[in-house]
Amino acid sequence: MSASTNNFFRGKFLSSLRAIKENMPLRLMICSLIVGLLAGYGALAFRELISMTQTFFYGFGSEFVVTGAASLPWWQIVIIPVIGGLIVGVLLKFTVPERRTKGVADVIETVLVKRGKMDFLSGIGSFFISAISLGTGASGGREGPVVHLGALLGSNIGKQLRLPSTYYTTLIGCGVASGVAASFNAPIAGMFFALEVVIGSFATQAVAPIVLASVIGTVVSRIHVGDFPAFIIPNYEIVSWWEIPAFALLGIVCAFVALLFIWGIGFSERTIDRFKLPEILRPASGGLILGFLALAFPQIIGVGYEATDSALKEEYDLSLLLMLIVIKTIAVGITSGSRFGGGFFSPALFVGAMTGGAFGIIASSLFPEMAASHGLYAILGMTAVSAAVLGAPISTILIVFELTGDYKISIAVMVTVGLTTLITKQLIDRSIFQAQLALRNVDLRENSALRYLKFRQVRGIMDKIFTEISSNTSMVELREIVSNTAHDKFVVIDVTDHTFIGRIEFSDLKSHVFGDAINDPATAGELARLNSPVIFPESSLKAALSIMEDSGEDCLAVIDTARETRIIGLVHYKDLLREYNEALLHMQNKENGKRKPKLDM
């Protein structure tokens with residue numbers, strides 16, 4: 001081949017690369033393919049890592065944990081979660097600055113607050129800790145860590161390729177969709193979970209890349225694992241349409257089970273916090289309790305797919321189903337509160353399947369000629385409880401459709417899920433992820449602009465131009481100071497130790513300094529507005545706005561944190577409103593896909 005021909009093809013290749021680089025939508029689709037591929041293999045790697053850990057400690061690596069645990073001595077079942085807890089405690093201390101593993105709530109927080117930026121090393125540390133946790137008997141799900149890993153890969157690929165930050169959220173959604181799709185072999189559900197739970201909207205520009213990534217994750221799973229769903233469900237049918245009231249009643253029951261599940265997780269964490277355990281021993285302490293629970297109920301060990309599958313296949317009696325609802329909730333609460341890694345997707349499916357199975361047994365005993373198999377009720381319960389716990393009704397309905405391949409039960413599923421979601425929405429209006437974020441001072445029910453203000457500090461906008469006046473300053477002296485000062489921001493301090501006493505409003509100055517009361521013997525200290533609310537420089541702008549709205553003040557004194565009596569600045573209501581309006585504009589432009597105005601963060 002001649003040199004001219006080589007130069008021709010080389011030029012064509014380089015021009016093609018330039019065209020791809022300049023075509024941002026095409027770059028995004030290529031990146032979504034890469035993210036989908038990596039997240040799919042990440043989900044497989046996580047499953048394999050759990051299996052390897054489980055094999056090392058328990059002697060078996062399959063998901064048939066209940067069967068495998070039956071052949072183990074009691075002391076091994078008790079001691080393994082303790083050893084796992086010790087390992088987790090050490091790794092948390094030295095690899096994860098937050099001293100807790102990451103999950104879906106962290107991904108939502110990243111999208112809403114951190115503009116799609118995630119710390120890679122901390123995320124990888126969390127990945128390994130979660131695998132060790134589930135492999136040594138912690139009672140949790142593997143989907144939450146997989147979702148976080150997929151989001152982590154999407155965020156960091158966007159960062160490494162220097163894509164616009166507006167694309168980070170879409171790539172995070174791609175990683176989430178691929179991870180969920182690979183875990184359940186359910187591409188449609190993976191796509192909707194990313195859009196419904198993580199992205200928080202069905203924005204048109206995000207759909208195509210997320211669909212592609214979800215398909216890629218499913219293909220990876222089917223190549224290496226096979227075309228098998230997470231649960232093999234028998235073909236159940238609705239016996240009579242007179243069962244619809246029973247489906248509705250099950251929806252009500254599932255709503256209260258979901259509420260108890262969410263409340264139980266929070267209660268367990270608060271209870272464990274009260275013991276003030278050393279952080280490095282906290283997981284091991286929880287592991288000891290989990291070990292003793294597993295002696296009587298080995299179904300709680302690990303992810304729990306075998307037990308969920310058994311409930312769907314009608315292999316458990318009523319008493320065991322009822323006990324497992326309670327014991328699994330306790331075990332998941334201990335797992336989360338002890339800082340073990342793991343998610344809530346699989347536990348919600350577990351508890352829901354037990355709830356539906358128990359309800360079905362009772363219904364069939366009362367109306368044997370009209371009730372369907374209680375395995376069908378287990379499917380409905382599994383869908384309803386997980387929909388309410390995760391705040392993802394569309395995704396969970398689609399997962400059931402993809403698992404069963406049976407659209408004939410769609411009416412029953414929608415009736416049950418609809419009622420469950422409606423009740424929980426009215427009573428708490430929070431998924432378990434939103435409850436976790438609320439404990440971190442992130443409320444998803446606030447508008448985006450208020451959330452933005454919550455993570456900006458007062459020190460960033462405080463006014464440092466003001467004049468300090470001693471409390472014993474006379475009106476004559478005060479008139480001289482005011483006449484020679486170019487602003488109207490005056491604060492009164494104690495003459496001996498410079499302690500902040502209060503502010504002087506300009507309306508008060510007019511009558512005392514420039515009016516008929518010029519010879520008034522009053523001092524500046526008597527003129528100051530005492531007991532005025534104050535704020536610290538590291539306080540949030542949202543906190544400052546809230547104080548002003550409650551007190552009616554249009555200005556707050558900013559007090560030095562180290563010396564809590566010395567004033568270092570002022571924050572004005574007009575400046576807060578300006579920041580709020582800029583935040584609203586920022587969020588509006590983001591939603592419209594336009595270039596965002598630069599805001600200091």
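Contact is taken here as heavy atoms within 4.5 Å, and helices (H or I, at least four residues) and strands (E, at least two) are DSSP runs numbered from the N terminus. The structure is a predicted model, in which local features need pLDDT of at least 70 and side-chain atom pairs count only at pLDDT 80 or more, while totals for chains, interfaces and linings use all residues. Residues are numbered from 1 along each chain as its sequence is written, and side-chain values use heavy atoms, with hydrogens and water left out.

Two packed helices are described by the angle between their axes and the distance between the axes. Axes are lines fitted to C-alpha atoms, for helices over the stretch in contact, and angles run from 0 to 180 degrees between N-to-C directions. Helix H5 (residues 104-112) packs against helix H7 (residues 143-160) at about 30 degrees, the axes being 8 Å apart. H5 and H7 are therefore roughly parallel to each other (angles under 35 degrees count as roughly parallel, over 145 as roughly antiparallel, 65 to 115 as roughly perpendicular and the rest as oblique). On the H5 side, Val104, Asp106 and Val107 meet Gly144, Val147, His148 and Ala151 of H7. The residues of this contact comprise four nonpolar, two polar and one charged, where Ala, Val, Leu, Ile, Met, Phe, Trp, Tyr, Cys and Pro count as nonpolar, Asp, Glu, Lys and Arg as charged, and the others, Gly among them, as polar.

For helix H15 (residues 345-366) and helix H16 (residues 374-390), the packing angle is about 140 degrees and the axes lie 6 Å apart. H15 is therefore oblique to H16. The residues of H15 in this contact include Phe345, Gly352 and Phe359, and those of H16 include His374, Gly381 and Leu390. By class, the contact of H15 with H16 has 12 nonpolar, seven polar and no charged residues.

An open sheet of four strands, with mixed pairing, has the order E1-E2-E3-E4; two strands pair if DSSP finds at least two bridges between them. Strand E1 (467-470) and E4 are the edge strands, each pairing on one side only. Strand E2 (residues 490-493) and strand E3 (residues 500-504) run antiparallel and are joined by four bridges. Phe490 has Ile504 in E3 as its bridge partner.

Leu530 is placed in strand E4 (residues 529-530). Not counting residues up to four places away in sequence, Leu530 touches Ile501 and Gly525. The C-alpha atoms of Leu530 and Arg503 are separated by 7.6 Å, with the two residues 27 residues apart along the chain.
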